[in-house]
Amino acid sequence: MSTRKWTGREDGSGPEHRRWHRAVNEFSSGPGVSLIGFASDAGVRRNGGRPGARGGPEAIRQALASFAIRPEFVLSDAGDVVVEGDELEAGQENLGELVAKQLSDGNLPLVLGGGHETAYGSYLGLARSGLLDGRRLGILNLDAHFDLRTADRASSGTPFRQIAAREAERGAEFAYAVVGISEPGNTAALFETAAGLNVRHLLDVDCQERSLESVLDFVRRFVADVDALYLSIDLDVLPAAQAPGVSAPATLGVPAAVVLEVCRLVASDPKLALADLTELNPVYDVDHRTARIAARLAHTLVTSRPVPEGH
């Protein structure tokens, strides 16, 4: 059951008229996709970016509300974790608890950020859920940046360095791959850090539509090497013309059609345990363009999943 009431377009009462707002408001006892908002731009502020990402979860929900969706897909909304002021670490802990709860209920958490500091809170939920016991976690990040910075305090630039440290603590290999890296957007030090951690990556110039099959092959090979998968999407991976409402708009970016196909591929794999969408900044959005593409990616992640038996 949703913790909040969604509203949107109504064309009729039958299941053939079902839209996201109705699906979220329905009661369902079966497992499905559970939305969680992480209203935070504390990490973006710490990282010197443009604040405003705390409005991202609500903007994505509004864009999703009137999307049509077939009756077999089960949706719920677990509400928001709100980061007040600079209380980022507490917010990440709270997000981890909520993600772990949804995982224990058999749901696929889909976290709506918030800055990319969201990712560490998302990971904490996986780590606490018990799903990683004896399993190799793979993290696939669609992003223009490695987000492997070393800093005194957590920020939107540090989450995967933090995750690497936590994976080492549990005696696990850090399996991390990034699609869409901008060479001018990452220092030589960050490329060296990535190499030292055996991070696989594709540059944005190698992720254009002409290279779609090689991008999908890269993703397939990575997924084949892990037991559980966490997908993180930073919307600044998209071209600035398609996603202007982010903290750091792309100088080139990966076309939305390529990102969407990666989402379709990953969501169709039963290894997918968790996903998040981050860095939507409504303050800088144009005609809700970024919110709408974020909603389309969320919709694709939901509707590309295998449908449970009995539906």
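User: Which residues does valine 111 touch, not counting residues up to four places away in sequence?

Analyst: Valine 111 touches Ile36, Phe38, Leu95, Val99, Thr118, Ser122, Leu274, Ala275, Asp276 and Leu277. Contact means heavy atoms within 4.5 Å. This is a predicted model, where local features need pLDDT of at least 70, side-chain atom pairs count only at pLDDT 80 or more, and totals for chains, interfaces and linings use all residues. Residues are numbered from 1 along each chain as its sequence is written, and side-chain values use heavy atoms, with hydrogens and water left out.

User: Why does valine 111 count as buried?

Analyst: Its relative accessibility is 0%. Buried means under 20% relative accessible area, exposed over 50%, partly exposed in between (1.4 Å probe, protein chains only). Valine 111 therefore counts as buried.

User: Where does valine 111 sit in the secondary structure?

Analyst: Valine 111 is in strand 3, which covers residues 108-113. Strands are DSSP runs of E, at least two residues; helices are runs of H or I, at least four; both are numbered from the N terminus. The chain has ten helices and eight strands.

User: What makes strand 1 and strand 3 a pair?

Analyst: Two strands pair if DSSP finds at least two bridges between them. Strand 1 and strand 3 have six, in the parallel sense. Phenylalanine 38 stands opposite glycine 113 there. Strand 1 also pairs with strand 2 (residues 75-82), parallel, over six bridges. Valine 33 has leucine 75 as its bridge partner in strand 2.

User: How do you know that strand 1 is largely enclosed by the rest of the structure?

Analyst: Seven of the seven residues of strand 1 (residues 33-39) are buried, so the rest of the structure largely encloses this strand. Val33, Leu35, Gly37 and Ala39 point one way, Ser34, Ile36 and Phe38 the other, and all are buried.

User: How far apart are valine 111 and glycine 79, in sequence and in space?

Analyst: They are 32 residues apart in sequence and 10 Å apart in space, C-alpha to C-alpha. Across the chain, 77% of the contacts with a separation of 6 or more join residues 24 or more positions apart.

User: How does the radius of gyration of the chain compare with that of a compact globule?

Analyst: The chain has 18 Å. The radius is taken over C-alpha atoms, and the globule rule is 2.2 Å times the number of residues to the power 0.38.
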